[in-house]
Amino acid sequence: MSTSIARTPQKQIVILGGGFAGVYTAMYLEKIFRRHPDVEITLINNANYFVFQPMLPEVISGSIEIQHVINPIRRLCPRTNLHMREVQAIDLDRKVVTTSPGFRPTLQRIEYDHLVIGLGTVMNFSRMPGLQQHALQFKNIGDALHLRNHIIHVLEEADIEKDEDLRRSQLTFIVAGGGFSGVETAAELNDFVRAAARHYRHLDPNEVRVVLLHSGDRILPELSYDVGVFAYRLLQKRGVHIRFNTRLAGATAEGAILETGEKMPAKTLVATVPAGPHPLIAGLPCQKVQGRILVNDRFEVPDYPGVWALGDCAWIPDSCEGGSCPPTAQYAVREAKCVARNIAASMNGGELKRFRFSSIGMSAALGHRSAVAEILGVKIWGILAWFIWRTIYWAKLPGIERKLRVGVDWFLDLILPPDIVQIKTARSRTLNQEHFGPGEIVFREGDHGDRVYLIVKGEVDVVQESGGRPQILARLCAGECFGEMALLTDAPRNATIRAVGDVDVLSVYREDFQTLLMHLPGLRQIFNNLMTQRKRGAAD
Ligand SMILES: Cc1cc2nc3c(=O)[nH]c(=O)nc-3n(C[C@H](O)[C@H](O)[C@H](O)COP(=O)(O)OP(=O)(O)OC[C@H]3O[C@@H](n4cnc5c(N)ncnc54)[C@H](O)[C@@H]3O)c2cc1C
């Protein structure tokens with residue numbers, strides 16, 4: 001079942017994605033349409049916050065508190081309707097976006113007049129065996145927290161480990177990717193691990209090995225040759241071992257596997273490459289280049305009037321440098337301004353603006369109060385570059401309150417030792433436990449099938465509407481499962497499940513259930529048999 005938010009006389013602008021592209025578009029649209037109550041702006045993002053990614057590497061070391069690099073979207077865009085949901089489908093022909101179920105398992109359909117696609121990219125580990133299972137990615141706030149916790153965990157283990165080989169692999173940290181995020185991650189990680197190791201009685205910081213793998217022959221290829229060489233020498237001096245012309249090919253529980261077949265034992269592998277196309281975008285009928293939506297220099301998606309795309313997920317012609325605009329925050333923010341203006345112009349019958357932007361400069365933090373930067377062609381490195389890096393990003397961080405918090409974090413980081421507390425966050429999403437009271441509904445007929453259930457305690461009734469009257473088809477008790485039919489047939493729920501008394505259930509989410517079906521021989525057959533049996537029972 002799905003609920004619909006139909007088009008009203010108001011103009012509906014729907015933005016997908018709450019990163020730099022989506023949030024800044026909403027902010028600019030709010031400014032343009034502040035006196036236009038007839039224009040409704042809706043932003044759909046799977047979190048209710050915006051992540052300031054350039055500062056993310058500093059979360060690893062704890063020099064910035066995790067919640068200070070994020071900003072509540074509601075505060076940044078107070079006039080925008082925020083739907084904290086997963087976008088599940090985009091129908092460009094019908095002009096409808098479908099979002100995931102919330103508490104109630106119903107999909108929501110949102111109609112639009114203008115659609116702005118800013119969904120970014122996803123890590124694509126599919127071509128490298130084992131990366132999905134064993135590599136840590138570094139893109140959002142959860143990744144940063146997970147990586148920090150993981151690093152502390154291996155340090156705790158290494159401190160009490162007697163097996164020398166295992167201990168060596170626990171103290172080896174591999175980062176793959178010598179671009180901006182790989183270099184900054186390796187630098188922060190190196191600083192943090194070496195400083196933290198001093199607080200463990202049986203660890204010597206000299207035992208720590210941080211390795212940066214890079215497929216090219218110099219790191220930070222986006223910057224000039226001598227700036228890259230400076231970064232290389234500095235990281236090398238700080239103990240980061242950089243391996244050039246080295247490609248990661250896969251991973252196992254024991255460590256990284258290189259293209260040459262060489263195995264590098266390690267318990268930590270961070271992969272900052274490769275970002276792949278977003279699966280939703282891969283399924284769109286519009287034209288794409290390298291998995292990104294092809295747009296013209298006004299951000300219009302050809303053949304789909306009213307659809308716009310920007311940011312990392314779009315292939316935007318770069319009229320200054322040729323090729324396409326680079327996938328950076330610096331560009332996404334400028335693109336957002338142009339998209340907002342062009343939407344307004346297209347509503348008012350005005351002329352659309354062509355996007356022209358030439359990068360002001362780039363910088364990369366190298367940890368330990370050091371950075372490299374190239375601003376308006378001037379090359380800067382060392383503490384001056386670090387100071388400029390911090391000033392620029394601090395100024396760009398949205399919201400005065402976040403600026404204050406980050407400023408305080410940086411000050412405390414100068415005088416306090418590293419925080420080595422591991423925040424235990426693990427809460428399995430694979431298996432959920434729920435309790436229902438007498439008469440409560442687990443799900444309703446027509447709902448979206450999002451999981452399969454196993455009764456641990458109590459009983460439930462399977463109820464179906466027949467001629468407008470509810471009819472009890474069956475009563476299920478502890479040890480029996482339900483909800484499998486909608487998942488196996490990809491159809492809405494065909495019955496309502498109602499708790500008879502107090503009921504405890506375990507539930508497995510759709511994706512995990514599909515994984516089990518794929519890998520557990522015979523399981524699909526068992527469920528198919530159960531489904532046939534139940535269908536027969538219902539028909540009798
Ligand atoms: C560690 C790191 C450091 C970086 N440092 C810099 C830097 O110093 N300077 C610079 O210019 N750039 C930097 N970048 C690059 C920059 O952050 C990106 O170019 C920028 O974030 C792109 O913005 P975007 O909005 O296009 O995509 P994203 O920021 O990826 O935003 C996409 C949004 O869409 C949401 N989303 C995706 N799928 C769905 C779905 N199905 N349903 C609902 N929501 C969904 C995501 O959760 C996300 O919020 C860095 C990137 C990283 C990872």
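**Ground rules.** The model is predicted, so I take local features only at pLDDT of at least 70 and side-chain atom pairs only at pLDDT 80 or more, while totals for chains, interfaces and linings use all residues. Numbering starts from 1 along each chain as its sequence is written, and side-chain values use heavy atoms, with hydrogens and water left out.

**Entry 1, the cores.** I started with the largest nonpolar core, which has 121 residues. By nonpolar core I mean a set of buried Ala, Val, Leu, Ile, Met, Phe, Trp, Tyr and Cys residues joined through side-chain atoms within 4.5 Å. Buried is under 20% relative accessible area, exposed is over 50%, and partly exposed is in between (1.4 Å probe, protein chains only). Which members touch the most others? They are Leu16, Leu115 and Ile117. Helix α10 (residues 329-348) is the top contributor to this core, giving ten residues. For elements I use DSSP runs numbered from the N terminus: helices are H or I with at least four residues, strands are E with at least two.

I then listed what Leu16 contacts (heavy atoms within 4.5 Å). Skipping neighbours within four places in sequence, Leu16 meets Ile44, Val87, Ile90, Val97, Leu115, Val116, Ile117, Gly118 and Leu119.

I count 27 residues around the ligand, taking a residue as near if one of its heavy atoms lies within 4 Å. Ala21, Asn46, Gln53, Val87 and His278 come nearest. The shell splits into ten nonpolar, 13 polar and four charged residues.

Next I looked up some distances. The side chain of Gln53 puts an N or O atom 2.4 Å from a ligand oxygen. A ligand nitrogen sits 2.7 Å from a polar side-chain atom of His278. From Gln330 a polar backbone atom is 3.1 Å from an oxygen of the ligand. The protein covers 87% of the 1000 Å² of accessible area that the ligand has on its own (Shrake-Rupley, 1.4 Å probe; for residues, only the protein chains shown count as cover). Two elements give two or more residues to the shell: α1 (20-32) and α10.

I found Phe482 in strand β33 (residues 481-482). Why is Phe482 counted as buried? Because its relative accessibility is 2%. Its C-alpha is 5.3 Å from that of Tyr453, 29 residues away along the chain. Beyond four places in sequence, Phe482 has contacts including Val442, Phe443, Tyr453, Leu476 and Arg534.

Ser63 is in the loop between α2 (57-61) and β5 (70-72). Buried or exposed? Ser63 is buried, at 4% relative accessible area. Beyond four places in sequence, the contacts of Ser63 are Glu58, Glu188, Asp409, Trp410 and Asp413.

Strand β16 (residues 248-252) holds Leu248. Leu248 counts as buried because its relative accessible area is 14%. Among its contacts beyond four places in sequence I noted Met128, Leu131, Leu213 and Leu269. Asp38 is 210 residues from Leu248 in sequence and 52 Å from it in space, C-alpha to C-alpha.

Conventions: A polar contact is a pair of N or O atoms within 3.5 Å; within protein, one must be able to donate a hydrogen and the other to accept it, and residues adjacent in sequence count only if both atoms are side-chain atoms. Ala, Val, Leu, Ile, Met, Phe, Trp, Tyr, Cys and Pro count as nonpolar, Asp, Glu, Lys and Arg as charged, and the others, Gly among them, as polar.
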